[in-house]
Amino acid sequence: MSKLVSVVVIGGSHAGLAVSQKLLRQTTRAKVTLINPSDEYYFNIAAPRFLVKPESLPQSKYLYSIPDAFRDYPADRFTFVKGLVTEIDVATKSVSVALAANSATTTTSPPPTATSFGFDYLVIASGSTTPATLGQSGVRLPFKATAFEDTRKAIHEAQEKLRTAKRILIGGAGALGVELAGELAEVAGPKKITLVSRSSELLAGATAPVQRTASLLLRQRNVHVLTGATVVAAVHEAHSQTWKVELSTGRTYTVDAYVATTGTIPNNAFIPKSFLNAQGWVNVDNQLRVLEDGVSRSDTYALGDITCHPYRLLSRVPLQGETVAANIVEAIEKRGQVRTYLAEAQKKMMVVPVGQSTGAGHVGGWTLFGCLVWYFKGRDFLTYKAPRFLRGEEH
Ligand SMILES: Cc1cc2nc3c(=O)[nH]c(=O)nc-3n(C[C@H](O)[C@H](O)[C@H](O)COP(=O)(O)OP(=O)(O)OC[C@H]3O[C@@H](n4cnc5c(N)ncnc54)[C@H](O)[C@@H]3O)c2cc1C
């Protein structure tokens, strides 16, 4: 039998899992090495719900074992490495990895001890993080996974902070800010929630009816909505355990928790600069091959949040995953079927629960009633889809 082709996938979240699973299903000629700093898949989409209402979703609905999801593949076809890629060496076609202490695991064979992995094909799916996740701005909330950290501990600490805070100011009224405000407005006990929006409406990019509905629903729930304002400074005062938040309007708020819901930071520390655009995202062509100084590489692909495509959304990941997997299979098996990806061809949609039972949203030009927002997302924040994303089965 011919030697297996080695595919290294960097990042074991929605995008990395999609490619790994699809590849293993579509060809028997690839050996996949999936590298991620945690061995748990974190379904971060539901964070606004479980960070605010811990009882509403058990952890088993948003944290899953990655190695377990690959148990059905033989050991020579799949390796999971619990580690962080620190460098890509395109000359030797290898990646360097910092392994998590005493924790590298595979599905069926002993843990790898190597700190360098060679590849025939490389997939970059290292995604993005947020200032709140890193604790760079406001209270630290795990909106995304953090490297090597105990995700459960980070979640628990965040839940406690939000539970005990009585006055909360949220900076940023995109989908995450609105969802979080909607959840906080529903929890027991007196809470004063302020949501600050840079633009004159909430949910920039949504249709006007959706923006109006979101605003109305929040105001009905006594959320103080401030538009046309930004947070210019937020300082934590240790002696009073409060935040002083200064707005562009000149007004200063004293709150128990300041939550920043804006900002998307590329996880690109290990990626050659020649792959990146000026903002630090990976340039890709229409086959999702990485562009190095403007020229398509034949051995490196990227997908998910880390690419230069502007809509950094989970809903974009399945099609990108199908494209990358199909093109690597094509490169290996030469079936003559190259797939292309067109971001513009994917429907624009926004589905934003405001609390447990309603919300605002649109799919293309269709405005969704609150009950449909509840049905599609609000009832369990899409966690019913997490097992499908884990197995790379979502389309
Ligand atoms: C709170 C929140 C709610 C959201 N809700 C929605 C929603 O409702 N609908 C929607 O469509 N989108 C939503 N999004 C956007 C969605 O989360 C992203 O589009 C999605 O996570 C992208 O997946 P990804 O796999 O590309 O990247 P990420 O999910 O960012 O995962 C990247 C993975 O790579 C790993 N990694 C990073 N660096 C390295 C390295 N050096 N070596 C190895 N591994 C590395 C990370 O640890 C992580 O596991 C939401 C985002 C947030 C923050």
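Reader: Hi! So helices (H or I, at least four residues) and strands (E, at least two) are DSSP runs, numbered from the N terminus. Which of them each supply at least two residues of the shell around the ligand?

Author: Those are helix 1 (14-26), strand 2 (30-36) and strand 5 (78-89). Helix 1 gives the largest share of that shell, with three residues. Please keep in mind that this is a predicted model, where local features need pLDDT of at least 70 and side-chain atom pairs count only at pLDDT 80 or more, while totals for chains, interfaces and linings use all residues. Residue numbers start from 1 along each chain, as its sequence is written.

Reader: Thanks! Which residues come nearest to the ligand?

Author: Gly11, Ser13, Ala15, Gly127 and Gly304 come nearest, out of 34 residues around the ligand. A residue is near a molecule or strand if its C-beta atom, placed from the backbone, lies within 6 Å of it.

Reader: And how many of the shell residues are nonpolar, polar or charged?

Author: The shell has 17 nonpolar, 14 polar and three charged residues.

Reader: Nice. Which strands are joined to strand 2?

Author: Strand 1 (residues 5-10) pairs with strand 2 in the parallel sense over six bridges, and Ile10 stands opposite Ile35. From strand 1 the chain crosses through helix 1 to strand 2, a right-handed β-α-β crossover. Right-handed means that, with the strands pointing away from the viewer, the path from the first strand over the helix to the second runs clockwise. Strand 5 also runs parallel to strand 2, joined by five bridges, and there Val81 is the bridge partner of Ile35. Two strands pair if DSSP finds at least two bridges between them.

Reader: What order do the strands of that open sheet have?

Author: The order is 7-6-5-2-1-8-19-18, eight strands with mixed pairing. Strand 7 (116-118) and strand 18 (289-292) are the edge strands, each pairing on one side only. On average, neighbouring strands of this sheet are turned by 45° against each other, direction ignored. Axes here are lines fitted to C-alpha atoms, for helices over the stretch in contact, and angles run from 0 to 180 degrees between N-to-C directions.

Reader: Where does helix 1 lie?

Author: Helix 1 lies across strand 1, strand 2, strand 5 and strand 8, and runs at about 165° to strand 2. Strand 8 (residues 121-124) is parallel to strand 1, with four bridges between them; Leu122 is the bridge partner of Val8.

Reader: What about strand 18 and strand 19, parallel or antiparallel?

Author: Antiparallel, over three bridges, with strand 19 covering residues 295-302. The bridge partner of Leu291 is Ser296. Two residues sit between the strands in this hairpin, where Asp293 takes a positive phi near 50°.

Reader: Which other residues have a positive phi without being glycine?

Author: Gln241 has phi near 55°, and Phe381 has a positive phi of about 55°. Most residues other than glycine have a negative phi. Gln241 is in the loop between strand 13 (231-237) and strand 14 (242-247) and counts as exposed, with 11 C-beta neighbours inside 10 Å. Phe381 lies in the loop between helix 8 (370-378) and helix 9 (386-390), but counts as buried with 23 such neighbours.

Reader: Last one: how many residues of helix 5 are buried?

Author: Helix 5 (residues 175-184) has 10 of its 10 residues buried. They pack against several elements, including helix 2 (47-52), strand 10 (167-171) and helix 6 (208-220). Contact means C-beta atoms, placed from the backbone, within 7 Å.

Methods:
Nonpolar A, V, L, I, M, F, W, Y, C, P; charged D, E, K, R; others polar. Contact = placed C-beta atoms within 7 Å. Buried ≥ 20, exposed ≤ 12 C-beta atoms within 10 Å, placed from the backbone.
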